[in-house]
Amino acid sequence: MNIFINQAAAELPPAATVSDAIAHAGARPPFAVAVNLQFVPKGRYEQHALDEGDRVEIIAPVTGG
């Protein structure tokens, strides 16, 4: 299926979950995830199924001064 991860097109297998999108992006904790602008709790990554055209945002904090 075709989705977007951080505004970039990505292709994942059918029945992919948020966990699959995170693995595809190579994200390292800490981060937060939203699908179609809706926050997904960490405990739901494995169960939250993605659909064709979904927009996944993986947001990491930035430190500095």
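Over the face of which ring does Arg 55 lie? In this predicted model, Arg 55 is placed over the face of Phe 4, at 4.1 Å from the ring centre. The legends below describe this site and further close-up views.

**View A. Arg 55 over the ring of Phe 4.** The distance from Arg 55 to the ring centre of Phe 4 is 4.1 Å. Phe 4 is also among the residues touched by Val 56.

**View B. The largest nonpolar core.** This core comprises 16 residues. Those that touch the most other members are Ile 3, Ile 5, Val 18, Ala 21, Val 33, Leu 50 and Val 56. Two or more residues are contributed by each of strand E1 (2–5), H1, E3 and E5. H1 gives the most, with three residues.

**View C. The surroundings of Val 56.**

**View D. Strand E3 and its two antiparallel partners, E5 and E4.** Strand E3 (residues 32–35) is joined to strand E5 (residues 55–59) by four bridges, and the two run antiparallel. Within this pairing, Val 33 has Ile 58 of E5 as its bridge partner. Three bridges connect E3 to strand E4 (residues 38–40), again in an antiparallel arrangement.

**View E. The aromatic pair of Phe 31 and Tyr 45.** The model contains one aromatic pair. The ring centres of Phe 31 and Tyr 45 are 6.2 Å apart and the planes are at 15°; the pair is therefore stacked, as this angle is under 30 degrees. The pair links distant parts of the chain, 14 residues apart: Phe 31 belongs to the loop between H1 and E3, and Tyr 45 to the loop between E4 and E5. Phe 31 is partly exposed, with a relative accessible area of 21%, whereas Tyr 45 is buried, with a value of 10%.

**View F. Thr 17 in the loop between strand E2 and helix H1.** Thr 17 is located between strand E2 (8–11) and helix H1 (18–25). Thr 17 counts as buried because its relative accessibility is 12%, under the limit of 20%. Apart from residues up to four places away in sequence, Thr 17 touches Tyr 45, Glu 46, His 48, Ala 49 and Leu 50.

How values were computed: Residues numbered from 1 in each chain as written. Predicted model: local features only at pLDDT ≥ 70, side-chain atom pairs only at ≥ 80, totals over all residues. Heavy atoms only, no water. Buried < 20%, exposed > 50% of the residue type's maximum accessible area, 1.4 Å probe, protein only. Contact = heavy atoms within 4.5 Å. Pairing = 2+ DSSP bridges. Core = buried A, V, L, I, M, F, W, Y, C linked by side-chain atoms within 4.5 Å. Phe/Tyr/Trp six-rings, centres within 6.5 Å; stacked < 30°, edge-to-face > 60°. Lys NZ or Arg CZ within 6 Å of the ring centre and 35° of its normal.
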